[in-house]
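User: Hi! Could you walk me through a structure with me asking as we go?
Analyst: Happy to, here it is.
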Amino acid sequence: MTYKEFIRANEEQIRNMLYECLSEMPRLRRKQLIEAVVSRIEFSNQQLLNTSPGSPLISAKSRIGMILSAAVKSAYIIEDELGFMSLNSSEIKFVSKYVCRDYIIDALQGGKSLTKQELFRYAEERFCQCQMNSEEKNLVLRSILGQVLARLEDEGHIVRIGEKICLSDNLDYPSTELGSYLREAALGGDTEKFFLKSIHTMGGEWFEFYAVELLEKYFIECGKTIISASVCGGSDDGGIDGIIETEDWLGFKETILMQMKNRNAIITPKDVREFYGAVCAEQGSRGLYITISSFHSDAHALLDKVDNLIGLDGHRIFLIAEKCGYGLKYVEGNLRIDDELFLNPLVTEE
């Protein structure tokens, strides 16, 4: 623990440091116990040499001493007639951080994911055999477990996925923003939410190619023949990012012009008007405005007025991806993100 962490620590955390020292070195006298706790705090050389009243070292010893006195008064720590101190085993069965650390790692082996409360409950069954009243029971153990969980998370050994906790080694994902989204979805997080977040991390160009291929698959699902499908791209695309030409069974042909926005900002009526102007200028049969976000209510009203213009928001993209099995797939009856699509990006051709 650094000195800054010690300053921010609450009384319970410091009391647990006393318990930990006594569990490892029973029968310490008061001064020895305080020094043992101090030795676990990282002071600078200058701070260690400064023993003037009010200095960091003296202030720390004073605070530890006051908390120790309170623990003795509450009979959590016993001081015998010779001045030796020990834990009151009838009140506290202390479990060291090292034992808790081993327990947590062992409990999460084999790809398991547990909530914090589940870990606490199993630990209480395993370690707590003390006779405390219902309010005090396992309070020390819960505090130690919480500290160990926080340290394991800081060290990158565990990750939190929603309410679940698992070993980072249990899921082979890169240590990136995308990896965190895929991992959270794989552990039962909101599939739609993390699907759209994953798309957002891939960037605009990737989204353009993905949207064209997704809609190509969708039109095939609808019974249409794809004559051509391509991404326009470039600064001079005239507001058109993709084009799909289709033909139905009777021979009717359509040219569908697409604009894709891989951004979280809400699409405004101005955005829709500008795109519709581009569709008319290019004489497209239909226009598809595709965004991972959503449309402003006025933008929705504008889309409803125009028969050959459709807006696809993030939710509809998710539904089409599920329908076509592109970007999403079912695993043992559960809808999951197709990690391979995101971890092995689409090959784009010039």
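This is a predicted model: local features need pLDDT of at least 70, side-chain atom pairs count only at pLDDT 80 or more; totals for chains, interfaces and linings use all residues.

User: Let's start with aromatics. How many aromatic pairs does a search of the whole structure find?
Analyst: The search finds eleven aromatic pairs. Y3 and F6 give an example: their ring centres are 6.5 Å apart and their planes lie at 20°, under the 30 degrees that counts as stacked, so this pair is stacked.

User: Where do Y3 and F6 lie?
Analyst: Both are in helix α1, residues 3–8, and they are three residues apart, about one turn of the helix.

User: Is Y3 buried or exposed? And what about F6, buried or exposed?
Analyst: Y3 is buried, at 17% relative accessible area. F6 is buried too, with a value of 3%.

User: Nice. Which residues do ring pairs link into a cluster?
Analyst: That cluster is made of F195, W206, Y210, F318, Y326 and F342. Y326 also has a charge over its ring: the charged end of K217 sits there, 4.8 Å from the ring centre.

User: And which ring does the charged end of R29 sit over?
Analyst: The ring of F84, with 4.1 Å between the charged end of R29 and the ring centre.

User: Switching to strands. In what sense do β10 and β11 pair?
Analyst: They pair in the parallel sense, over four bridges, with β10 covering residues 286–291 and β11 covering 309–312. Within that pairing, Y289 stands opposite G311 in β11. To get from β10 to β11 the chain passes through helix α13, residues 297–305, in a right-handed β-α-β crossover.

User: Last topic, the backbone. What is phi of Q283 near?
Analyst: Phi of Q283 is near 55°, a positive value in a residue other than glycine. Q283 lies in the loop between α12 (269–281) and β10, and Q283 is exposed at 69% relative accessible area.

User: What about E332, what is its phi?
Analyst: E332 is not a glycine either, and its phi is positive, about 50°. E332 is placed in the loop between β12 (328–331) and β13 (334–337), and E332 is exposed, with a relative accessible area of 79%.

Technical notes:
Residues are numbered from 1 along each chain as its sequence is written. Side-chain values use heavy atoms; hydrogens and water are left out. Rings of Phe, Tyr and Trp (its six-membered ring) pair if their centres lie within 6.5 Å; planes under 30 degrees apart count as stacked, over 60 as edge-to-face and the rest as tilted. Helices (H or I, at least four residues) and strands (E, at least two) are DSSP runs, numbered from the N terminus. Buried means under 20% relative accessible area, exposed over 50%, partly exposed in between (1.4 Å probe, protein chains only). A charge sits over a ring if NZ of Lys or CZ of Arg is within 6 Å of the ring centre and within 35 degrees of the ring normal. Two strands pair if DSSP finds at least two bridges between them. A crossover is right-handed if, with the strands pointing away from the viewer, the path from the first strand over the helix to the second runs clockwise.
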